[in-house]
Amino acid sequence: METIFPVVNMENLNGEERAQTMNQINDACENWGFFEIVNHGISTELLDSVEKMTKGHYKKCMEGRFKDMVASKGLEAVQNEIHDLDWESTFYIRHLPESNISEIPDLEDEYRKVMKEFAKELEKLAENILDIFCENLGLEKGYVKKAFYGAKGPTFGTKVSNYPPCPKPDLIKGLRAHTDAGGVILLFQDDKVSGLQLLKGDKWIDVPPMHHSIVINLGDQLEVITNGRYKSVMHRVIAQTDGTRMSIASFYNPGSDAVIYPAPQLVNKEEEKKNVYPKFVFEDYMKLYVAVKFQDKEPRFEAMKSMEDRVNSGPIATA
């Protein structure tokens with residue numbers, strides 16, 4: 001089986017290798033659900049600042065709390081596999097439709113400023129990536145963004161995680177296996193401490209840590225909109241015995257009231273009869289997802305079919 005993880009040089013989209021690079025991205029979306037991008041347009045200086053401040057914030061404000069949690073739950077002495085907890089320290093920032101970064105405690109002003117700048121760059125990159133998907137799929141430019149729009153635009157937020165050294169990585173996952181519920185995910189991860197893996201076929205494959213790269217992966221909503229041509233993929237984080245792994249995952253998702261369904265251009269008559277993917281309101285999907293995140297996605301899609309009669313079938317809202 002081919003297991004060379006796809007790495008895409010985004011600069012090649014601007015030259016003679018554009019067609020080849022577009023094909024590389026399409027293949028990654030169809031066969032991996034993940035790819036890693038370099039030369040993506042976000043400055044290395046900004047990335048270095050984000051990394052330095054994120055690691056500094058963890059050491060100053062979160063490491064002690066995490067150790068207290070581990071001690072209170074007796075996790076260092078566990079003898080059996082833990083199925084209801086992840087070995088991670090996290091906080092969340094919402095960017096769209098309204099930012100809450102000013103409300104998050106313990107963040108230094110300079111860190112807030114840097115994360116705001118980083119979010120703006122990631123938002124632009126996410127929309128560029130979605131338009132690349134549209135071109136590869138034969139959809140009009142901006143189709144997916146419009147599909148995500150809802151009444152107030154897309155939702156966009158960042159999960160900042162640190163995965164400290166774990167004494168029992170065979171018994172406690174850094175993050176249990178799951179697919180992501182939303183749209184497109186942009187991950188800035190530690191380039192020295194590994195741990196992220198995706199499931200390809202029946203084999204877990206490491207997502208390689210690379211300096212200044214951004215990992216792209218696809219969520220369940222893109223699988224629905226592309227009528228299964230692109231698929232969300234199970235992934236997990238394996239805790240390590242040495243080193244703290246930084247993970248900054250930003251989720252460009254539909255608005256809560258956005259109606260999600262397969263793009264009509266990607267559905268043929270036979271598939272329409274089979275009704276493989278449902279039509280649903282994103283907020284309803286998320287309510288279900290929260291309860292069954294670490295289970296297979298297919299039952300979630302089936303559950304949404306029972307709610308289709310309640311969904312407004314009007315045209316996609318536009319900005």
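Q: Helices (H or I, at least four residues) and strands (E, at least two) are DSSP runs, numbered from the N terminus. On that scheme, where is His 212 found?

A: The model is predicted. In it, His 212 is found in the loop between strand S8 (203–206) and S9.

Q: How is empty space found in a model?

A: A probe the size of a water molecule is rolled over the atoms, and this shows where empty space is left. A cavity is a set of points where the probe fits but cannot get out, whereas a pocket is an open set. Here the largest pocket holds about 880 Å³ of space.

Q: How many residues line the largest pocket, and which lie nearest its centre?

A: The lining has 38 residues, and those nearest the centre are Tyr 92, Lys 159, Phe 251, Asn 253 and Met 286. The elements that give two or more residues to this lining are strands S3 (89–96), S4 (155–163), S5 (175–178), S6 (184–189), S9 (214–218), S10 (235–237) and S11 (245–253), together with helix H7 (282–292). S4 supplies the largest share, seven residues. By class, 21 residues of the lining are nonpolar, eleven are polar and six are charged.

Q: How many cavities of 30 Å³ or more are there, and what lines the largest?

A: The count comes to one cavity of 30 Å³ or more. The largest cavity holds about 30 Å³ of space. Its lining consists of Glu 51, Phe 188, Gln 189, Asp 191, Met 210, His 211 and His 212. These residues divide into two nonpolar, three polar and two charged.

Q: Lys 159 lies near the centre of the pocket lining. Is Lys 159 buried or exposed?

A: The cut-off for buried is under 20% relative accessible area. Lys 159 counts as buried because its relative accessibility is 9%. Lys 159 is found in strand S4. Not counting residues up to four places away in sequence, Lys 159 touches Glu 88, Thr 90, Phe 91, Tyr 92, Leu 175, Ser 247, Ile 248, Ala 249 and Phe 251.

Q: With which side chains does the side chain of Glu 88 make polar contacts?

A: A polar contact is a pair of N or O atoms within 3.5 Å. The side chain of Glu 88 makes one with the side chain of Lys 159, at 3.3 Å, and one with the side chain of Tyr 163, at 2.8 Å. Glu 88 is in the loop between helix H2 (44–73) and S3 and is buried, with a relative accessible area of 16%. Leaving aside neighbours within four places in sequence, the residues in contact with Glu 88 include Phe 66, Ser 161, Gly 174 and Leu 175.

Q: How are the sides of a helix such as H7 read, and which of its residues are buried?

A: An α-helix has 3.6 residues a turn, so residues three or four places apart point the same way. In H7, Phe 282, Asp 284, Tyr 285, Tyr 289 and Val 292 are buried. Seen down the axis of H7, these buried residues fall within an arc of 155°, so they line one face of the helix. On the other side of H7, Lys 287, Val 290 and Ala 291 are exposed.

Q: How far apart are Val 292 and His 178 in sequence and in space?

A: Val 292 and His 178 are 114 residues apart in sequence and 9.4 Å apart in space, C-alpha to C-alpha. Val 292 counts as buried, at 19% relative accessibility. Glu 283, also in helix H7, is partly exposed, with a relative accessible area of 38%. Between Glu 283 and Val 259 there are 24 residues in sequence and 9.1 Å in space, C-alpha to C-alpha.

Conventions. Residues numbered from 1 in each chain as written. Predicted model: local features only at pLDDT ≥ 70, side-chain atom pairs only at ≥ 80, totals over all residues. Heavy atoms only, no water. 1 Å grid on protein atoms, 1.4 Å probe; cavity = no way out; pocket = protein on both sides within 12 Å on 5 of 7 lines; lining within 4 Å. Points joined across faces, edges and corners; volume = space filled by probe spheres on them. Nonpolar A, V, L, I, M, F, W, Y, C, P; charged D, E, K, R; others polar. Buried < 20%, exposed > 50% of the residue type's maximum accessible area, 1.4 Å probe, protein only. Polar contact = N/O pair within 3.5 Å; in protein donor to acceptor, adjacent residues only side chain to side chain. Contact = heavy atoms within 4.5 Å. Arc of directions from axis to C-beta.
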